[in-house]
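Here is a short report on strand pairing, aromatic contacts and helix packing. Start with the structure itself.

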Amino acid sequence: MSTNDSGGVSFAVDDETGLILDSLDEFVAQEVEPILDELGDVYTNPRKGHREDGRWTDELLEARDEIRRRSAEAGFYAMNLPEDVGGEDVSPVAWYRAKKHLASHGPGMTRYVLAGPEGPKPLLLQAEGDQVERYLEPTVRAEQSTAFAQTEPGAGSDSPNMETIAEKEGDEWVLNGRKQWITNAPYADFVQLFARTTPQEEVGRYGGITCFIVERDEYELGSFNNAVGSVGSQAEIVLDDVRIPESRVLGEVDGAFYAAMDFLSLGRLELGAEAVGYSEFLLEEATEYVTEREAFGRSIGDFQQVSAKLARGKAKTYAADAAGLKLAWKMAHDERTVMDSSVLKWFATNVMWEVADAAVQVNGANGLAEENPYMDLLHQARILRIVEGTDEIQLNTIAKSMGVMD
């Protein structure tokens, strides 16, 4: 989507974005696929790519990090960030299209070509002084990876009620608590960790929360949270009297919750883009199968019960893509996007869930086989309906924007 001369919008892919998408395809073919070919069944067989505790093997981790580094060198990895920190300052529309484009080629490690939860996000742009050189810039270059540590065992969607606390002692902060389901926690060089620094009764529900940069050797890993479809990616973080210098406060003391909310739309734009891209991939794969597979003397796509499943998926994916482009366009024009981001996140991930389920169904027993991508993406779809705000939270946000609820 781009602005046209009349002040409206166009859904056409502009020349610059088209060049980015073509370049991404070339990069995947020349740089990513040879790495995956070399991995062989360590990559294709999940039983060979994980240790007993669920952690990724060294081979997989090295491959992931090599893909990220090569992408950063080519200018893709964090190209949505400002140029003065090493990004390319591409628009939210181009970033949305790029995320969707990679996902439309199917699941796998190609997703690390563009920064995800392990990479730099706008929250890290609050870095000042030594933080820029020590944390922000190396993460943009993919020389380091990070994690966003907010969720707790008793405070997921209700994050202001977090129990992790930080108390000031001289020039240090002392952190105690637990974070759970933290993506990339097992492998991060540092985490951006949220803790309550002032009680709610003094500053209100959303105040009193501060973000700290906590380095890998300063926290302990608890249990691995081996969710189906995300084995080895998440773990619990345990903080036991962890001392953090004042210089590692990221942003303003007591202001982290509001800062995180300012950047919430980007995360939902990215998840929406991936959901739409995966839906497009699934529809393409399923269409090829049902037009070639024959039963009762004709292709199974000729049966209305089969064709209708894919047609509904196509219509909903089309609508989800339009919602994603509208959100990206509004972000590019600095418009308010709270409701739009919730609409996209809820709708696109639910569409992917329906499309993945339909793809499994029309493939019959083949849809359940490990060597096919359908069940893997069905699991991914289920995860996406929870992370970055559950379905219920998105619908609450939409209802509030309508004035239906307080």
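Contact here means heavy atoms within 4.5 Å. Helices (H or I, at least four residues) and strands (E, at least two) are DSSP runs, numbered from the N terminus. The model is predicted: local features need pLDDT of at least 70, side-chain atom pairs count only at pLDDT 80 or more, and totals for chains, interfaces and linings use all residues. Residues are numbered from 1 along each chain as its sequence is written, and side-chain values use heavy atoms, with hydrogens and water left out.

**Helix packing**

Two packed helices are described by the angle between their axes and the distance between the axes. The axes of α4 and helix α8 (residues 264–292) come within 7 Å and cross at roughly 35 degrees. Axes are lines fitted to C-alpha atoms, for helices over the stretch in contact, and angles run from 0 to 180 degrees between N-to-C directions. The crossing of α4 and α8 is right-handed, that is, the near helix is turned clockwise from the far one by less than a right angle. On the α4 side, the contacting residues are Pro92, Trp95, Tyr96, Lys99, Lys100 and Ala103. Their counterparts in α8 include Leu266, Leu269, Ala273, Tyr278 and Phe281.

**Strand β6**

Strands pair if DSSP finds at least two bridges between them. β6 has two such partners here, β3 and β7.

| Partner of β6 | Sense | Bridges | A bridge of Phe190 |
|---|---|---|---|
| β3 (residues 146–149) | parallel | four | Thr146 |

**Aromatic rings and charges**

Rings of Phe, Tyr and Trp (its six-membered ring) pair if their centres lie within 6.5 Å; planes over 60 degrees apart count as edge-to-face. The whole structure holds ten aromatic pairs. One of them is Trp56 with Tyr112, edge-to-face at 6.2 Å centre to centre and 80 degrees between the planes. The two residues are 56 apart in the chain. Trp56 is buried at 7% relative accessibility, and Tyr112 is buried at 8%. Ring pairs link Trp56, Tyr112 and Tyr187 into a cluster.

A charge sits over a ring if NZ of Lys or CZ of Arg is within 6 Å of the ring centre and within 35 degrees of the ring normal. Arg64 lies over the face of Tyr112, 5.7 Å from the ring centre. Arg298 sits over Phe303, 4.1 Å from the ring centre.

Conventions
Rings of Phe, Tyr and Trp (its six-membered ring) pair if their centres lie within 6.5 Å; planes under 30 degrees apart count as stacked, over 60 as edge-to-face and the rest as tilted. Buried means under 20% relative accessible area, exposed over 50%, partly exposed in between (1.4 Å probe, protein chains only).
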